[in-house]
Every structure is written in C-alpha cells, then in structure tokens.
Amino acid sequence: MSAPRIAGGELNYEGIGATETGLLPEGSGGEVTQAYLGDGEAAYRRAVQGMLTWQLQKRAGLRVRAESDVVLPGTRVVSGFGIGPFRIDAPCEVVWVRRPVPGGGPQSAGFGYGTLPGHPVRGEESFEISLDENGLVLIKVTAFGVPANWFYAAGGAVTARARRLVTSRYLRSAQELAAGVN
C-alpha cells in the first residue's frame, strides 16, 4: 500500500506542459523572466543541482514539503508562504523534468509544475537553467495562470505583486546556488 499523497485532486488548468514547449495558452497571463547567474560549467551544475533538490524554492523563503527530495515527474509539492494565519499553501505536481547531460554546454535542465486544488492560481510555472556556447549560465522562469477563485481575482494587484516578489527571490536563490553560496 502506498503512502497518502501530500496534496489531493488533479491538475486543474488548461495547457499542461505548456511551460516546456513555450506555447502558453491564450489569455493565461503568461510571464517569462530571465536572468544571468554566472559563468562556466561548474556554476551551471551547482545551480541545476539546487534547482532539482528544491533549494531554489527553500532559499526563496518558501516552506517546502515534497513527496521526494529530488524533483521527479509526478511528485507533489506544497509550498507555503506568509506568516501565521496569513500563510497560503500552494499545492503543485511536477509535470515535466529535463535533467542535465554529461559534458559541457550548450545545454539546459529544468522542470515545470502545475497547480492542484487549493492553490491560489490555476496554471503552471517552470524553472530552466541553461549553459550557452559562451559559458554563460542563465535562468528562465516561465509562469502562466488565472486566479483560482473570486477571492484571489479580487486581489489581482496584490497577487501580481506577490508573484513578482517570489520570482525575484527565485532569481536571487539561483544566483547564490550558481556562486556556491551556502
């Protein structure tokens, strides 16, 4: 008998896997943010290792509970942010993973996860770290979604600000991982 899932329900949005293909659903409020992380294969490997072990989220200040210590397709994760009674849990399921390959660049690795019931948004977010032909290490965060209910829709400006804040924290986390900051 298998252990109970840490989050119930099924993926609850249109365009499952769209962050991998880049073909985001129309009207889904898609955003792509990119940033420079560093130079060289060692920086790339450090950043990818952290990304694929939930360190990107943890260093961004999110409380992370996952069914696996490493990112695997089908893994469910509940990220939480906020304080006390103002804490919001955001349950997701990993929908795709691309692992790094042996050797140098150019290459990329990443994963995307989609929302489950109880998440304030219905959509998907992905994280991709790449090593280009010049040795530059970059991160791309892609997200799309719509508010899960009227309450979150009513707080549109607050929700947008929260998304920008969390994304900026992801970028800072990725830069620390690439630099080898403990």
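This is a predicted model: local features need pLDDT of at least 70, side-chain atom pairs count only at pLDDT 80 or more; totals for chains, interfaces and linings use all residues.
Residues are numbered from 1 along each chain as its sequence is written, and side-chain values use heavy atoms, with hydrogens and water left out.

**Exercise 1.** Work out the order of helices and strands in the protein.

Start with the elements: the protein has five helices and seven strands. These are DSSP runs numbered from the N terminus, with helices being H or I of at least four residues and strands being E of at least two. Now walk along the sequence, and you get α-β-α-α-β-β-β-β-β-β-α-α.

**Exercise 2.** Find which residues of helix α2 are buried, and how they sit around the axis.

Next, look down the axis of α2: the buried residues fall within an arc of 160 degrees, so they line one face of the helix. That arc is taken from the directions from the helix axis to the C-beta atoms.

**Exercise 3.** Describe the largest nonpolar core and what Met51 does in contact terms.

A nonpolar core is a set of buried Ala, Val, Leu, Ile, Met, Phe, Trp, Tyr and Cys residues joined through side-chain atoms within 4.5 Å. The largest one holds 32 residues, and Met51, Phe111, Tyr113, Ile129 and Ile139 touch the most other members. As for suppliers, α5 gives the most, with six residues. Now zoom in on Met51: leaving out residues up to four places away in sequence, its contacts (heavy atoms within 4.5 Å) include Leu56, Val71, Phe111, Ile129 and Leu177.

**Exercise 4.** Classify the ring pairs that Tyr113 makes with Trp54 and Phe127.

Rings of Phe, Tyr and Trp (its six-membered ring) pair if their centres lie within 6.5 Å; planes under 30 degrees apart count as stacked, over 60 as edge-to-face and the rest as tilted. By this rule there are seven aromatic pairs. Trp54 and Tyr113 sit 6.5 Å centre to centre with 15 degrees between the planes, which is stacked. This pair joins the loop between α2 and α3 to strand β5, 59 residues apart. Tyr113 and Phe127 have centres 5.8 Å apart and planes at 85 degrees, so that pair is edge-to-face. Finally, ring pairs link Trp54, Phe111, Tyr113, Phe127 and Tyr170 into a cluster.

Technical notes: Buried means under 20% relative accessible area, exposed over 50%, partly exposed in between (1.4 Å probe, protein chains only).
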